[in-house]
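Keep the viewer open and follow along.

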Amino acid sequence: PGWFSEISPMWPGEAHSLKVEKILFQAKSDYQNVMVFQSSTYGKVLVLDGVIQLTERDECAYQEMITHLPLCSIPNPKKVLVIGGGDGGVLREVSRHSSVEKIDICEIDKMVVDVSKQFFPDVAIGFDDPRVTLHIGDGVAFLKAVPEGTYDAVIVDSSDPIGPAQELFEKPFFESVAKALRPGGVVCTQAESIWLHMHIIEDIVANCRQIFKGSVNYAWTTVPTYPSGMIGFMLCSTEGPSVDFKHPVNPIDENSQQSTRPLKFYNSEIHTAAFCLPSFAKRAIGSK
Ligand SMILES: NCCCN[C@H]1CC[C@H](NCCCN)CC1
């Protein structure tokens, strides 16, 4: 018992805290420290190198939005690649789309997969879908080996730019994603917080505007247990059939699909609202 505080040089001078009931797991993988604790009010919590990755109570906001913002923006997504996402939550959301035939996932740290299966069964359930193929390895290398135009959608469910995910925020990686996408294909990446990392976001937007000749938009959602209470996403499409991210063409009915587990967060109205930016962010990263 006591408190876990998320202290990091990535968000100096502030630290979100959660009351701890019990530490359930703690170990060092080949890449990072992995910890799971039972919190008093947010369910179980997954922490990598001292940074909160997900809690049972609010993970739906992140996993549903990072998945359905891209997949509901194109008709009939068939082949999807997830980079990162080793907890399985994005896979769970991708599998709601009946048009999807193949889901590849490339996660660098096998311990994240194993720990999620042990402590977060409602998140790791995504691995049970027969369309899923799990690759344990570096997403940068994986994408270099992917034939041109393979995927309809790529979802980059990464941690933050300090640690194993650093390369997933750099230009060469975005270029390899663009190559792996078919014309009019879409990518959605974890894109930090406009309250904490506006300069990182400006660089990412500039790189994406050079690389993705379709549309480039920033969207966001609220996640109470991420620093600043929100997290953003870069939504980009390659040259080809135009993609209007702000209006879902492939709506997902929040009650259909796995009606045993209806959507908790995503719906078509919040899809459109997610692209509305406060004025300071519009000026810095708004699309012309
Ligand atoms: N499938 C859940 C993976 C979670 N991705 C990231 C975990 C770290 C988190 N830090 C937030 C830093 C401030 N923006 C961003 C999302």
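Sort the residues of the shell around the ligand by type and you get 8 nonpolar, 5 polar and 4 charged. Bear in mind as you look that this is a predicted model. The shell has 17 residues, and the closest to the ligand are Asp87, Asp157, Ser158, Asp160 and Glu192.

Which elements supply at least two residues each to that shell? They are strand S5, running over 51-55, and helix H1, running over 59-71. Strand S5 gives the most, with 3 residues.

Now zoom in on the nitrogen atoms of the ligand. A polar side-chain atom of Asp87 sits 2.6 Å from a ligand nitrogen. The side chain of Asp157 has an N or O atom 2.7 Å from a nitrogen of the ligand. For Tyr62, the distance from a side-chain N or O atom to a ligand nitrogen is 3.4 Å. With a 3.5 Å cut-off for a polar contact, the Tyr62 pair at 3.4 Å still makes the list.

How much of the ligand's accessible area does the protein cover? On its own the ligand has 450 Å² of it, and the protein covers 98% of that.

That brings us to the empty space in the protein. Rolling a probe the size of a water molecule over the atoms shows where space is left empty. Counting cavities of 30 Å³ or more gives 1. The largest cavity holds about 520 Å³ of space, and its lining is made up of 40 residues. Closest to the cavity's centre are Gln53, Asp157, Ser158, Ser159 and Asp160.

Step back to see what builds the lining. Elements giving two or more residues to it include strand S4 (44-48), S5, H1, strand S6 (79-84) and strand S7 (102-107). Also among them are helix H5 (139-144) and strand S12 (230-237). Strand S5 has the largest share of the lining, 4 residues. By type, the lining residues split into 20 nonpolar, 13 polar and 7 charged.

Definitions and conventions:
Residues are numbered from 1 along each chain as its sequence is written. This is a predicted model: local features need pLDDT of at least 70, side-chain atom pairs count only at pLDDT 80 or more; totals for chains, interfaces and linings use all residues. Side-chain values use heavy atoms; hydrogens and water are left out. A residue is near a molecule or strand if one of its heavy atoms lies within 4 Å of it. A polar contact is a pair of N or O atoms within 3.5 Å; within protein, one must be able to donate a hydrogen and the other to accept it, and residues adjacent in sequence count only if both atoms are side-chain atoms. Accessible areas come from the Shrake-Rupley method with a 1.4 Å probe; for residues, only the protein chains shown count as cover. Ala, Val, Leu, Ile, Met, Phe, Trp, Tyr, Cys and Pro count as nonpolar, Asp, Glu, Lys and Arg as charged, and the others, Gly among them, as polar. On a 1 Å grid over the protein atoms alone, a cavity is a set of points where a 1.4 Å probe fits but cannot get out, and a pocket is an open set with protein on both sides within 12 Å along at least five of seven lines; lining residues have an atom within 4 Å of a point. Grid points are joined across faces, edges and corners, and a volume is the space filled by probe spheres set on the points.
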